[in-house]
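Work through the exercises below with the structure open beside you. Try each task before you read its solution.

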Amino acid sequence: MNHDHILLAHGGGGRLSHQLITQEILTRFGSGPLASLPDAAALELDSSRIRFTTDGFVVQPLEFPGGNIGDLAVHGTVNDLAVSGARPRWLSLGLILEEGLPLTLLRRVLDSVQRAAADCGVIVATGDTKVVRRGQCDGLYITSSGIGEALPGFDLRLDRILPGDRILVSGPLGDHGAAILAAREGFENFHTPVSDSRPVHRLVEGVASLAWGIRFMRDPTRGGLATVLNEMTTGQDFGMLIRARELPFSPGTAALAEMMGLDLLHVASEGCLVMVCAAEVAEAILEFWRTLPEGEKARAIGVVTADQAGRVILESAIGGLRVVDVPSGELLPRIC
Amino acid sequence: MNYIDGFRDPDAAARYRVTLAQLGQELADQGGRACFMEVCGSHTMAIARFAIRDFLPPAVTLVSGPGCPVCVTDPGYIDAAIELAGQGKIIVTFGDMMRVPGSRSTLAKSRAAGGWIESCYSPVTALELARAHPEREIVFLAIGFETTVAPVLAMLDTARRSALPNLTLLVAFKLVPPVLAALIADPELKIDGFLCPAHVSAVIGANAYRPFAENHGVACVVAGFEPLDILYGVEGLLRQKIAGRATVDNQYNRVVRPEGNPVAQRLMDHYLMPAAVSWRGLGVIPASGLVLRPEFAQFDAEQRHQLTLQPGRPNPHCLCGEVLKGKIRPAQCALFGVACHPDHPLGPCMVSSEGSCAAEYRFASGVTP
Ligand code: SF4
């Protein structure tokens, strides 16, 4: 392609559109259902229990330490399926491009989509590309829907959570939000936070044999761990107690939070799994998680309690107790 | 263990718990109670984050003071910022200002309606935007206490030296000692001691608190922001209360000098002069703010656009002033939880998640694990 930037004509349906699709999309994603560019992908499933999710990605900046909007879109969609107890199978890829977007940047993003999809074992089965005028979108937006097959054995419901259950996290908290913030504010030093954008499906599939003891899973994206745990406890007849000393944080993220006065409980991760499980299976799950790079820093961070119903309580680093609240208002816009 | 962890040692904290319990008992045996105020928002945040209140004996209450710059920003100031956004100026603000209510609207709503409003963590963002958009005027919302003033002035200094014509400040700097003086002037004040912020004190000097102790009998302890610093500070206040003393106790003398930081003071003096300003919930307090000197009018959004910051109409039923003085509990305010709640705050004590009213709203039934 001999243009350096996206032009309106790349979305116009004519020759340039065709070129963009064949040269940039089909070369990367054309080996599967997308090959003949059908209007709708034909997919075959063994199971009738499917999970279906959709998400939009508007992160700014488009590229950040640890990833870019492309792998973020794949991981975000894959992770929504994984925490529902599903094996991710197919994704859609909707691209909204701003006139003037450098083609080199688009290629890097598409390369990341391709790599991330291969890593997650998912196929980009359908897609769409639109170009809007300069100023009408901020470089590049992605929408992605995902289809997964429910894994047998998982019965994930809040009403299965019992006092005494354990709360596990698979990795450091807040790395994605901190990386975006650092990138936006131009902090570059010896330990800049790096986004944890990565898939969690292996963490789920690898413990499927213990699914009977797994009550509920979420990925703590927007609003962070505090929001996820509050969503689990609000209106329920149990509470949660977590311990600040057990919470895993990366050094760069922790340093940034100290400097900026951020409460990392409110900051997003994009490659972390929060699980509530029976005490009997907790150790085995942690042990398996720690064999994978994405679960290396996994920790049990707390327990489900019979008292403090509906609340999340934190035992602080110095041993005081307090309520963990959801953040109000906008903390960090456009992190995903 | 790194440097910071040394100030967060749970065993040391447990020892403070015991000491404070003993002192609290001693006070209760005298038939006394103590109410201390942490003056500054940074202390408030640390107290919340590390659950310091959980270490206090029943005879001791710690209330949050007027030291959160966002919370005490007058509604009229927000109105002016919204007006400037409506005129097509780019507004740059610390993010937590977005949902603070003006008389009629918020910056968040103004942005949703098409205003260009950028939230930032550092004033430098305003400089970058001013360079990137020479055709637009960038208005930086310059709020804050003594500690925020210097970085904002440093930014302004750069703008001046690089002759950037399109950057202005909407100034609402505030000063800690005058508002404490205003609180203290109330004969019914129920505050026994101030936990004074180390960083503000590093600028203004610990001497600034002496009149409170000497003329009004309010104990003052200058403390750092690590949890053990704060526990130590509370212990110091409690000891003064039990002994019936009121002095200025500078526990942070590794940074805070009696006379403060002369370099920062000179920079402030060069650009700014004291003025009477309006505080949300407290009204106009003489010499409690800093405004740009007339010779820098070109950088003053207010003067350049002939705005007059009308003191906004605070809700006449908001009793924040009384809450801040420790005279009533938030729940005694008729608006509490009805017209005023965290998603629709009316007074400063509800704006910040750690303000007294917001804290009481959320933790209404107390933590009793
Ligand atoms: S509840 Fe609201 S209106 Fe009442 S004192 Fe508190 S902040 Fe003011």
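Helices (H or I, at least four residues) and strands (E, at least two) are DSSP runs, numbered from the N terminus. This is a predicted model, in which local features need pLDDT of at least 70, side-chain atom pairs count only at pLDDT 80 or more, and totals for chains, interfaces and linings use all residues. Residues are numbered from 1 along each chain as its sequence is written, chains are lettered from A and ligands numbered from 1 in the order in which they are written, and side-chain values use heavy atoms, with hydrogens and water left out.

**Exercise 1. Backbone exceptions**

Task: Find the peptide bond from Gln60(A) to Pro61(A) and state whether it is cis or trans. Then examine phi at Gln308(A), at Gln306(B) and at Ala51(B).

Solution. 
- Step 1. Start from the rule: most residues other than glycine have a negative phi, and most peptide bonds are trans.
- Step 2. The bond from Gln60(A) to Pro61(A) is cis, and its omega is near 5°. Pro61(A) sits in the loop between strand S1 (50-57) and strand S2 (63-64) of chain A.
- Step 3. Gln308(A) is not a glycine, yet its phi is positive, about 55°. Its place is the loop between strand S11 (299-305) and strand S12 (312-315) of chain A.
- Step 4. Gln306(B) also has a positive phi, near 45°. The loop here runs between helix H12 (301-304) and helix H13 (320-324) of chain B.
- Step 5. Now check burial. Buried means under 20% relative accessible area, exposed over 50%, partly exposed in between (1.4 Å probe, protein chains only). Gln308(A) has a relative accessible area of 11%, so Gln308(A) is buried. Gln306(B) has 72%, so Gln306(B) is exposed.

**Exercise 2. Two helices in chain A**

Task: Describe how helix H2 (residues 69-82) and helix H3 (residues 103-120) of chain A pack.

Solution. 
- Step 1. Two packed helices are described by the angle between their axes and the distance between the axes. Axes are lines fitted to C-alpha atoms, for helices over the stretch in contact, and angles run from 0 to 180 degrees between N-to-C directions.
- Step 2. For H2(A) and H3(A) the angle is about 30° and the axes are 7 Å apart. That makes H2(A) roughly parallel to H3(A). (Angles under 35 degrees count as roughly parallel, over 145 as roughly antiparallel, 65 to 115 as roughly perpendicular and the rest as oblique.)
- Step 3. The crossing of H2(A) and H3(A) is right-handed. (A crossing is left-handed if the near helix is turned anticlockwise from the far one by less than a right angle, and right-handed if clockwise.)
- Step 4. List the contact residues; contact means heavy atoms within 4.5 Å. H2(A) brings residues including Val74(A), His75(A) and Val78(A), and H3(A) brings residues including Val113(A), Ala116(A) and Ala117(A).
- Step 5. Sort the contact by class: eight nonpolar, three polar and one charged residues. (Ala, Val, Leu, Ile, Met, Phe, Trp, Tyr, Cys and Pro count as nonpolar, Asp, Glu, Lys and Arg as charged, and the others, Gly among them, as polar.)

**Exercise 3. Two helices in chain B**

Solution. 
- Step 1. H1(B) passes H10(B) in a left-handed crossing.
- Step 2. Among the contact residues are Tyr16(B), Leu20(B) and Leu23(B) of H1(B), and Leu231(B), Glu235(B) and Leu238(B) of H10(B).
- Step 3. By class the contact has 12 nonpolar, two polar and four charged residues.

**Exercise 4. A helix facing both chains**

Task: Which residues of helix H2 (residues 41-49) of chain B are buried, and what do they pack against?

Solution. 
- Step 1. The buried residues are Gly41(B), His43(B), Thr44(B), Ala46(B), Ile47(B) and Ala48(B).
- Step 2. Their partners include strand S13 (321-323) of chain A, and strand S1 (34-40) and helix H10 (227-243) of chain B.

**Exercise 5. The whole of chain B**

Task: Summarise chain B.

Solution. 
- Step 1. Count elements: 15 helices and 11 strands.
- Step 2. The radius of gyration is 21 Å, close to the 21 Å that the globule rule gives for 369 residues, so chain B is as compact as a globular protein of that length. (The radius is taken over C-alpha atoms; the rule is 2.2 Å times the number of residues to the power 0.38.)
- Step 3. Buried residues make up 56% of the chain B residues.
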